[in-house]
Amino acid sequence: MLETRNLTIRFGGHVAVNAVSCRFEPGTLTAIVGPNGAGKTTYFNLISGQLPASEGQVLLGGRDLSSLPASARTRAGLGRAFQLTNLFPNLSVLENVRLAVQATLEGPHRRGLNLWSIWSDHARLTARAHEILESVAMSSQRDLPVASLPHGDQRKLEVALLMALDAQVYMFDEPTAGMSHDEAPVILNLIRQLKQDKTKTILLVEHKMDVVRELADRIIVLHNGTLVADGEPAEVIASPVVQEAYLGVSKEPA
Ligand SMILES: Nc1ncnc2c1ncn2[C@@H]1O[C@H](COP(=O)(O)OP(=O)(O)O)[C@@H](O)[C@H]1O
Ligand SMILES: [Mg+2]
């Protein structure tokens, strides 16, 4: 389980995220909504370690990650999709996934430099990379350089890398932003597929309410950095605070 306790960041006098305490259970997808500037992206930055908290903690499975840099939080299981900055564009699809799988072998469990372990590791991680590509239906593209893939497939590959890293938590910040009408369903289907794995915890910042309604098990609302609502989607969407926060921001026909 992922938990934030009293998580806070101040930029000068401005409190962008204000004492947010929240728990996110495996097997759930939580949508984080709120108007522009509410602190959603900043909250993600505090969880993933891109920004240092002014106060509060981030815990994963009871382990306090608060003092760890972003790279160590990734190794601990926090997976954040970064809109392509994680990819090596000149390497093939397979090589990208294999490098991510390899990253999970590094650290204390890495064995010594003997030929047998190098060979068996290589075989094992290649097999795992193939398995992941199959699960995201990208096997046929495995030998293509990433730069040659359509944008939607690059975004999909980025999620495959999080799978390869064995992420426990998947964080998506407006995953369909900048995507064409044809590309958006690709990434949404992948999120649907991830949702089937009840060991994973998914956080989704999304302003399209139809997407939120379909995918979320729960919605939390941030407003001026503060958590102002938390509950079942239908209940939260109908609440006065959301109706008010979204007025003029994401107004939809009833
Ligand atoms: N690095 C930063 N320095 C100063 N202010 C920041 C920084 N990052 C975010 N903010 C401010 O924090 C507030 C929340 O921003 P953000 O988390 O991007 O909102 P959202 O993602 O909900 O639209 C905004 O007022 C924004 O200007
Ligand atoms: Mg944002």
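1. A residue is called buried here if 20 or more other C-beta atoms lie within 10 Å of its own, exposed if 12 or fewer, and partly exposed in between, with C-beta atoms placed from the backbone. By that rule D166 is partly exposed, because 14 other C-beta atoms lie within 10 Å. D166 sits in the loop between α5 and β7, and its phi is near 60 degrees, a positive value in a residue other than glycine.

2. On the source: this is a predicted model, in which local features need pLDDT of at least 70 and side-chain atom pairs count only at pLDDT 80 or more, while totals for chains, interfaces and linings use all residues. Residues are numbered from 1 along each chain as its sequence is written, and chains are lettered from A and ligands numbered from 1 in the order in which they are written.

3. A137 lies in the loop between α4 (115-135) and α5 (151-164). It counts as partly exposed because it has 15 C-beta neighbours inside 10 Å.

4. Helices (H or I, at least four residues) and strands (E, at least two) are DSSP runs, numbered from the N terminus; two strands pair if DSSP finds at least two bridges between them. An open sheet of 4 strands runs in the order β2-β1-β4-β5, with antiparallel pairing. Its edge strands, β2 (14-24) and β5 (63-64), each pair on one side only. β5 pairs with β4 (residues 55-60) in the antiparallel sense over 2 bridges, and L60 stands opposite R63 in β5.

5. Helix α1 (residues 40-48) packs on this sheet, touching β1 (2-11), β2 and β4 (contact: C-beta atoms, placed from the backbone, within 7 Å). The direction of α1 makes about 65 degrees with that of β2 (axes are lines fitted to C-alpha atoms, for helices over the stretch in contact, and angles run from 0 to 180 degrees between N-to-C directions).

6. L46 is found in helix α1 and counts as buried because it has 24 C-beta neighbours inside 10 Å. Not counting residues up to four places away in sequence, L46 touches L7, I9, V17, L51, A53 and V58. L46 and V17 are 29 residues apart along the chain, and their C-alpha atoms are separated by 8.9 Å.

7. Ligand 1 is surrounded by F11, A16, G34, N36, G37, A38, G39, K40, T41 and T42 (C-beta atom, placed from the backbone, within 6 Å). α1 gives the most to this shell, with 3 residues. The shell divides into 3 nonpolar, 6 polar and 1 charged (Ala, Val, Leu, Ile, Met, Phe, Trp, Tyr, Cys and Pro count as nonpolar, Asp, Glu, Lys and Arg as charged, and the others, Gly among them, as polar).

8. The chain is divided into domain 1 (1-77 + 168-254) and domain 2 (85-167), with bounds that come from an automatic or database domain assignment. The C-alpha centres of the two domains lie 27 Å apart. Their contact takes 11 residues from domain 1 and 11 residues from domain 2. On the side of domain 1 that touches domain 2, the elements giving two or more residues are α2 (70-76), β7 (169-173) and α6 (184-195), and α6 gives the most, with 3 residues. By class, that side has 6 nonpolar, 3 polar and 2 charged residues.

Technical notes:
Contact = placed C-beta atoms within 7 Å.
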